[in-house]
Amino acid sequence: MRTPIMAITAGAAVVALAVTGCSGGAASPATSTSPAASALSGSLEFMTGTSVDSELYLKYEAVTKEFTSANPGVKIELVPSSTDHEGEVKTRLASGNIPDLWMTHGWSLLRYSEFLAPMPDEPWAKDVNPALDAAMRDKAGAIYALPIDVDVAGILYNADVLAGAGVKPEDIKTWEDFTAACDKIKKAGKTAIYTAGKDRWPTGLFIDWIAPGAYDQAALDKQASGTFVPEAYQVALDKVAQFRDAGYFNPDYSSATSDDISLALAKGDTGFSFLMNFVAVTALTYNADAKVGFMPIPSATGGSPYLVVGEKNAIGISKTSKSPDAAKAYLSFLAQPENLTALAKAAGSAPGLTTATSDLGGLQSSYDAWVGKTPSLPYFDRVYMPNGAWDTIVSTTEGVLTKQTSVADAMSKVAGDFDKLTAKAKG
């Protein structure tokens, strides 16, 4: 488990470097996939961690086709994610049926490094955004995944919906401001907050977005050291219950997917969503004229609004892959500046390598407005919760949102699992 001081420092650096990338990265010459690329052979299975209709998956398809055309001896199977990428990866690792490559969704070092081949000497390793070093490199400096992008996120919004309700995103500084805005959006006949119950995992992001701003530094230090601080954590669940009771959520929550969130943002059916920027990127494919963006998250302690940051779309190679040379050549191909620029753009984030250029399209104005000028905090579950807690985070938050679980019962479950998982991690 990372210390909060290291993680927060890393987060701030991520944001600063992302801004530099937005002004144009250093476009170095494309590197060869391999000195003997045409001689490459093997079969690779790549668990992409993204849905089959996402912009990122479509870009993976295009780039992969280009690679295999140049290397006909290599076959690559792209596996789209269902609603539970983390669970699928855990099952594959436990069964020994391990894919050659998988998207590590923020856990290349802390959760998966024992299963991944270290890649400190790959040609792209020296170009990794330095802000990711604390999260992705071990004490010896080894890195276990190629970072496609740097995850920088806030609360997504549709600017036209907000304007129609008389709301300006830059005026939302506190949770009181936010709920007042939601009331106005609801009164205007729109859904205030759209989220996805069918996919399930987006529900856990209410904790990742709200909880970091409910703790002061002393509480963060205490929780990172293995002692749960329930009063601060409960603030996030209380917010979910407040949003629920106020009628802010979409009525079709149970059947909605993350793609439905993109559609709602594209069509102007919702004001806000607590999700990563890829949802906004997808929304812009449905409606190129949609005015979507992201804004900082209010603090529950009276502090400044903040963004959340971390490792997201990164790809590691299994230690047990039967085609390691082909896998490394494939990652080197993805790491070429023009390819990584395109992949990061599809993910809606700044690139994970300094050699690529940020091309954020419709989200550029949000980056210009907030990134580098706003404090950042790391994803809460990756730093302040023990390994394995994500399922508990999702299920308890889901229970509160649907009113099937009281906040008190949810807190009891979170606290108990926190202690069990922390004890397990300590051996």
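Predicted model: local features only at pLDDT ≥ 70, side-chain atom pairs only at ≥ 80, totals over all residues.

User: In what order do the strands of the five-strand open sheet run, and which are the edge strands?

Analyst: Helices (H or I, at least four residues) and strands (E, at least two) are DSSP runs, numbered from the N terminus. Two strands pair if DSSP finds at least two bridges between them. The pairing in this sheet is mixed, and its order is 2-1-3-11-4. Pairing on one side only marks the edge strands, strand 2 (74-79) and strand 4 (146-147).

User: How do strand 1 and strand 2 run, and which residue is the bridge partner of serine 43?

Analyst: Strand 1 (residues 42-47) and strand 2 run parallel, joined by six bridges. For serine 43, the bridge partner in strand 2 is lysine 75.

User: Which strands stand at the edges of the four-strand sheet, and why is one side of each left without a neighbour?

Analyst: This open sheet has mixed pairing and the order 7-8-6-9.

User: Which residue in strand 8 is the bridge partner of isoleucine 193?

Analyst: Strand 7 and strand 8 (residues 270-273) pair in the parallel sense over two bridges. The partner of isoleucine 193 in strand 8 is phenylalanine 272.

User: Are helix 16 and helix 17 roughly parallel or antiparallel?

Analyst: Axes are lines fitted to C-alpha atoms, for helices over the stretch in contact, and angles run from 0 to 180 degrees between N-to-C directions. Angles under 35 degrees count as roughly parallel, over 145 as roughly antiparallel, 65 to 115 as roughly perpendicular and the rest as oblique. Helix 16 (residues 390-401) and helix 17 (residues 407-426) pack at about 175 degrees, their axes 9 Å apart. The pair is therefore roughly antiparallel.

User: How are helix 7 and helix 16 oriented to each other?

Analyst: The axes of helix 7 (residues 201-210) and helix 16 come within 8 Å and cross at roughly 95 degrees. The two helices are therefore roughly perpendicular.

User: Is threonine 104 buried or exposed, and which side chain makes a polar contact with that of threonine 104?

Analyst: Threonine 104 sits in the loop between strand 3 (101-103) and helix 4 (133-136). Buried means under 20% relative accessible area, exposed over 50%, partly exposed in between (1.4 Å probe, protein chains only). Threonine 104 has 0%, so it is buried. A polar contact (N or O atoms within 3.5 Å; within protein, one must be able to donate a hydrogen and the other to accept it, and residues adjacent in sequence count only if both atoms are side-chain atoms) of 2.6 Å joins its side chain to that of glutamate 311.

User: What is the relative accessibility of valine 281, and does that count as buried or exposed?

Analyst: Valine 281 lies in helix 11. With contact meaning heavy atoms within 4.5 Å, the residues that valine 281 touches include Glu55, Lys345 and Leu363. Its relative accessibility is 13%, so valine 281 counts as buried.

Note on methods: Residues numbered from 1 in each chain as written. Heavy atoms only, no water. Lists of a residue's contacts leave out its neighbours within four places in sequence.
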